[in-house]
Every structure is written in C-alpha cells, then in structure tokens.
Amino acid sequence: MSVAPLAVLGDAPAGNPESGHLPHVIAWNLTSRCNLECAHCYISAGPSESAAGELTTDECFRIADEILALNPSPRFSLSGGVPLLREDLPQIAAYASERGATVVVGTNGTLLTDERIEELKAAGVTGVAISVESLDFKYHDRFRRGHGSLEATLAAVDRLGEHGLDFVIQTTLTKGNRDELRALADWSAEKGAVSFNAYFLVPTGRGATMSELAPSDSEEILNELVDLHLKYLGRMMVRSKCAPQFMRLVHERAPDSPLLNYGTRCPCGVHYARVTPDGHLTACPYMPLPAGDLRVQSFGEIWNESELFRGLRRGEVGGKCGRCEYRSLCGGCRARAFADVGDHLAEDRSCAYEPDGTRPVVQSERPATYGVRVEAELAWTADAKARIQRVPSFVRGVVVKRVEDYARRGGHSEITAELMREVRRTMPVDFSKRLPFFSRDD
C-alpha cells in the first residue's frame, strides 16, 4: 500500500518554503498586569500595570489566524503577567484550540479557583504551567512579593489534579533555592506534574538586578538535572530552560534519552517566538529585541522576512559557542548573550565548558524529530488520523515513530485507534497522559 506523508492528516504547513522553519511554539504574553511583583519578572509585570495598549480580542484572533496559516497545529502558551486578569482569556483560548492549536496557560496559580479551571478546560486548554520557587513559604512569598502566595499556589496545584488538568511545575533557580532542586522535583513528581522545568535566570526586566549563578554552579546544577531526568524518565519530564548546555550533559550521560529526538539547540526565532502584550514579535520572552510589530505587519511577513530571525536560523554564533563541538546540540542561550553584551549571536558566558576548537562537531546519533514532517510507513485508519492530527506539530514526529515502532513489533500493518489505546496501556502508569492523543476517557 502506498501511504502519503502524514501531512495529509491535516493541512500542509506553509511556513517558509525556503528555510522550512515553522512557528511550532508561540509564547504569548497577553498582559503585563499581575497580582504579584516577582523579583525576576522578565517583563516587569505587576499590580501597577494597566490594560492600556494591550492587543484587543479581535487583534488576538487575527494574529492567531496568521500563525495557523503557517502551521495548522502549533502550541500557544498564553501567559502574562497573569493571563487570568484578561476577561477574554477563555475566548482567546477557545478560538485558537477550536482551529487546531494546542493551548496551555502559564500562571502563578494564585487565581486558579475551581471555576476558573473548569472555564479553561471548557475553552480547550490542555495544560497549565505553575511557578513554584520554593516549598519554603518565606522564600517563595518574598521572591514573588506576595504574602500567602505559596499557600494559594499549592492549593491550585491540588485543584488541577482534582480536575484532571495536566500541569507543569516551573522553578527559577537562584543562589537562594538551588539546594532545594531535588526536593522540588520530587515534590512535583509526587503531585503528578507532567514536567518539571528548571529555569536559569536571564538578566532582563526586573531580573536584570539579580545576580546570575556562576558557571561552575550552573554546571553542577545541570548535572543534578540529568540525574533527575534519568530518575523520572517515563513518569515526569525534567529539563532545563534557558540553559541549552543541559543537552551536552544529556548526550554524554544519557545517550538513550528521548530528549535527543528533538532539535535541541535554542529554538528562539527558529521554531519559537513570543508575542508581547502590545503586539511586538520577539525571538523569545527573554529577548526584548523586536523582530517586528504585529499591529502593522502580518505574522507571516515578520516570521519569514525578519533579519533577526534569519540571523538566528543561520546559527553563526560567536566566541566559544561558535568553536564548541557541541554547537549543534546546544549553541548557547541567545537571550542571555543579548542581555550580557547586547549581541544575540555572542557567546553564552554562563557556560563552564571550555572548547579547544579542534574537535569535530558532535551530532546526536538519532535523527531529530522535533517539528519534522514525518512520512508514514504504515497505513492509518481515519479515526487514528483524527487522533494524531490533535498532536502539536513539534512533537508529532516523536508520537508517530513511537506508535509505528510498537505496531511493527506486534506484527501490525495498520494503525487504528484501538492500537493507539493499546500503546497507552503498555506505558508506565502516569505516563499515558503525557502524549496529547491519549484521552483520559479512552
């Protein structure tokens, strides 16, 4: 049987026909209003901010349509400030999810009542990212400048579990909480988080006044994260954010890790971008340098023609990042380079590794499946196609490979919805929900 590319399961992404780059993940800061005033906030959100200048509901709809015209199945991460302060959050989420986007929401958790969680679920939101800086009430509340904030956040985590909405725990590591890393990850797993994301501070916004970790401290923490990644593999994803050096250590210490199936370099401006509250498009939330203005340009025009994005896609970075043998796996944090020296293509000075410039470039031994257009090698029934179409484009290749490999081992020549349910049943308990096509109702 001749089987067409899996793009037949949905509209073929348009993207940039010259480069093949697609906007797989969009971080969308809907507002800079917030009920807290966190020490590290990259957009300096807080209670004193107003709604003036924010994109209107209709402008958000238009921009969503323009993104979906390039990629029919992206992931939108709606955040702020606190996006729950926008009354139209459910309408924006529903508009995007009904048209094919996977929608998640990022928040400090303090406003997540039972009613708001059900409202988000009804709007098609599939997950929530919650920020927890420490399990010590004094540290967390002081860091986030809100008395009682940790108590409210922990209650929200429990509510998300009760309502069956997947959640991610996110922690920004500093000198004050770095010794709590393992306890935070263990607690996250016990609560049922699908992922624990350890953020490394980028000095921008209010975070510009904070001290970064020393490179040697970062290296030690990244090794701890690899330990935790291996400990919770199959149960909870553990990874770094804004520290792509993590992938060098994963390659060295965990060569069988599924993380190496992804394009592991910093995705900023390559597969990822950020929309600001007033409609500017940047390479990522931590890089304020605008690529364009969505109020006067279309998303497609900026995505395909911005010199900022084109430069990031060429991958020609400087300093030790440019001569490092791990530049294909890592490449350094571009936002940190910009924050440190004003050049987004400069070296990432937070890295402790010192390349000598003589070693061959290290490549993952497995082909990356992040965002790639995968050819189906087996036949897929209509109901199986409908399920796989709901998987975000950036992980679809991983999911397809997993399902087809399982089918071959079992002697199956066709992928059905029942076979996909069977794949779910063979996975470790707690992991089945991590793949988007596995419904809890199956």
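A residue counts as buried when its relative accessible area is under 20%. By that criterion, buried residues make up 58% of the 442 residues in the protein chain. The structure described here is a predicted model. The chain holds 15 helices and 12 strands. Among contacts between residues at least 6 apart in sequence, 70% join residues at least 24 apart.

## Helix α7 and its surroundings

Helix α7 covers residues 215-231, which amounts to 17 residues. From its first C-alpha to its last it reaches 24 Å, close to the 24 Å expected at 1.5 Å a residue. The buried residues of α7 are S218, E219, I221, L222, E224, L225, V226, L228 and H229. An α-helix has 3.6 residues a turn, so residues three or four places apart point the same way.

Both strands and helices receive the buried residues of α7. The strands are β5 (166-173), β6 (195-200) and β7 (237-241). The helices are α6 (181-191) and α8 (246-253).

## Two helix pairs

Two packed helices are described by the angle between their axes and the distance between the axes. The table sets out these values for two pairs.

| Helix pair | Angle between axes | Distance between axes |
|---|---|---|
| α6 and α7 | about 25° | 11 Å |
| α3 and α5 | roughly 50° | within 10 Å |

The crossing of α3 past α5 is right-handed. Helix α3 contributes D114, I117, E118 and K121 to the contact, while α5 contributes R159, L160 and H163. These residues divide into 2 nonpolar, 1 polar and 4 charged.

## Helix α8 and the residue R248

Helix α8 is mostly covered, with 6 of its 8 residues buried. The buried residues are F246, M247, R248, L249, V250 and H251. Their cover includes α7 and β7.

Leaving aside neighbours within four places in sequence, R248 is in contact with E219, Y326, C351 and Y353.

## Backbone features in loops

C242 lies in the loop between β7 and α8. Phi of C242 is near 65°, a positive value in a residue other than glycine. C242 counts as buried because its relative accessibility is 18%.

S44 likewise has a positive phi, of about 55°, although it is not a glycine. The place of S44 is in the loop between β1 (25-29) and α1 (57-70). With a relative accessibility of 28%, S44 counts as partly exposed.

A further backbone feature concerns a peptide bond. The bond from G80 to G81 is cis, with omega near 15°. G81 is found in the loop between β2 (75-79) and α2 (89-98).

## A residue of helix α15

E422 is found in helix α15, which covers residues 417-426. The relative accessibility of E422 is 27%, and this residue therefore counts as partly exposed. Although E422 and V403 are 19 residues apart along the chain, their C-alpha atoms are separated by 9.7 Å.

Technical notes:
Residues numbered from 1 in each chain as written. Predicted model: local features only at pLDDT ≥ 70, side-chain atom pairs only at ≥ 80, totals over all residues. Heavy atoms only, no water. Helix = DSSP H or I, 4+ residues; strand = E, 2+ residues; numbered from the N terminus. Expected span 1.5 Å × (residues − 1). Buried < 20%, exposed > 50% of the residue type's maximum accessible area, 1.4 Å probe, protein only. Contact = heavy atoms within 4.5 Å. Axes fitted to C-alpha atoms, helices over the stretch in contact; angles between N-to-C directions. Left-handed = near helix turned anticlockwise from the far one by under 90°. Nonpolar A, V, L, I, M, F, W, Y, C, P; charged D, E, K, R; others polar.
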